[in-house]
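Subject: Structure handover, salt bridges

Dear colleague,

Here is the structure for your files. My notes on its salt bridges follow below it.

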Amino acid sequence: MAKIKKYIISIDAGGSSVRALLFDFQGKVVGREQTRTEVISTEAGAVEHDPEELWQQFLAAINNLLKKCNVDPFEVASIGISVQRSTFTLWDRSGKTCCNFVSWSDIRAAELTAEINKNIKWNLVKLGAVIVSTFTRGAMLTATGMLKFITDHALPRLLWLFKIRPDVYEKAKKGDLLFGTLDTWFIYKLTGGKIHATDTSNAASTSLYNHFDLKWNSIFCNLFKIPMGIFPVVKETVDDFGVTSPELFNGAAIPIGSVVGDQMSSLFGHCCFKKGDVKISQGSGSFVDVNMGYKPGLSRRGLFPLVAWRINGKTTYMLEGSMATAGRLIDWLGQGIGLSDTPKVLNELAAECEDSEGVVFVPTPSGIRFPHFKPTARGTVFGLSLDTHRRHVARAVLQGIAMRLVDILNGIKKDTGIKVTTIKTDGGVSRSDLLLQCIADLSDHSVARSREHEVAATGAAYLAGLSAGVWKSFDEISNLEKGYDLFEPKINPERREKIKKRWEVALKAALSVE
């Protein structure tokens, strides 16, 4: 007799860990499992991951989860997969990889990236796009005209790989290789090599995909001589990605109902379904993501529109600003310079005073991106006096992180005119009540913190549930029981303005240092 479907498996996979969660049909977490993988750094700037190790840890996380929860694989209705974006590898049609995964954070392509941005043909394409867009006001041409490649993008890293590995490039040109981000690799392995696919959110994060026409970018590929035959089929975020090979999970052929980029999945997990909904994920770095609705929002100061998800023929777009350091900065303040022993102590120190007493911390130790874009910027402390205590610096640090996140959010609001409706947050750094209160005070918006830490995995579960028909609509998902802690703005407008002006002066000074 066929087993009754009761569960959804959701996986959130990055370069250093794989987290698998089991959800019931009420949207509650029944169990969770985590496996870890090694980060490979063979030379300066290198960040790689072993594809086979990642696959084995991915498989182990699922099998350990099922065993731990005493769940029969035949009881699983669907699998949803959330992944770190823009990390890629290539493999032949037998499934043998020709290189490690090259991480989004690998910077060995920096020199080549600079050359690409100076490429005459590329700059002529950009110039033409700018000229035409002044008349048409078309979002695609405007975005093309302002695009500047960075090493986060897969395109320059792929060109770099082809340059140092001509054997790989020759195989790619012959059609013997397949390109894939993490999700594509996992789908390929789960289905026994039957499915070579990705979704729009992951494809759009590579810079190799046209966000507007929703197809691989033939202009880029022709310009930079990238063979288009290597790319996977692009499906909707909720779609049929095949079923798992029966030998993997005790004979069960479990449908793979969704794959999605990690930050997009977190946005979905927070139920940020409406235009103007915001989520801030705060881990080692911080990501500010704004739902822009069904039309690609455009920031003329350098934010490129991303696809949040595509469901039932409708594409939801988002804009994303990021802060490279948040959790890492807090760890460094404790372990590096001894300001506090742990992040917890930092929060306790900061809570000892109501004000930083004029101390301002600009949290840019590894440069600053939108809306200022200065990679050489360095973290700076202003306003120290002989009366300054560690507690004032601790409070200035948390206030500085909050101000930087609000700075990104205000930049998106200014560039697009979008009205923010709600701010939701997750991640390890968001466990700080004081930090979230600072964000609420300085943004003048309510901030809601999820009590569930794994919000990206939650989003992947919701998407897989939609695919399996467990939930029929966004409204039904929104009505599932969730836990949030709410932080309301408390300071008056005068004090908020004073803090902002002090921040602006400090930021301007920090940016002026060469």
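A salt bridge here is a side-chain nitrogen of Lys or Arg within 4 Å of a carboxyl oxygen of Asp or Glu. This is a predicted model, in which local features need pLDDT of at least 70 and side-chain atom pairs count only at pLDDT 80 or more, while totals for chains, interfaces and linings use all residues. Residues are numbered from 1 along each chain as its sequence is written, and side-chain values use heavy atoms, with hydrogens and water left out.

The structure contains 23 salt bridges. One of them pairs Arg 495 with Asp 355, at 3.5 Å from N to O. Because Arg 495 sits in helix α17 (residues 493-512) and Asp 355 in the loop between α12 (343-350) and β18 (360-362), this pair ties together parts 140 residues apart in sequence. Helices (H or I, at least four residues) and strands (E, at least two) are DSSP runs, numbered from the N terminus.

On accessibility, buried means under 20% relative accessible area, exposed over 50%, and partly exposed in between (1.4 Å probe, protein chains only). Arg 495 is partly exposed at 28%, and Asp 355 is partly exposed at 21%.

A second pair is Asp 444 and Arg 496, at 3.2 Å from N to O. Asp 444 lies in the loop between α14 (433-443) and β21 (447-450) and Arg 496 in helix α17, so parts 52 residues apart in sequence are tied together. Asp 444 is partly exposed at 44%, whereas Arg 496 is buried at 9%.

Regards
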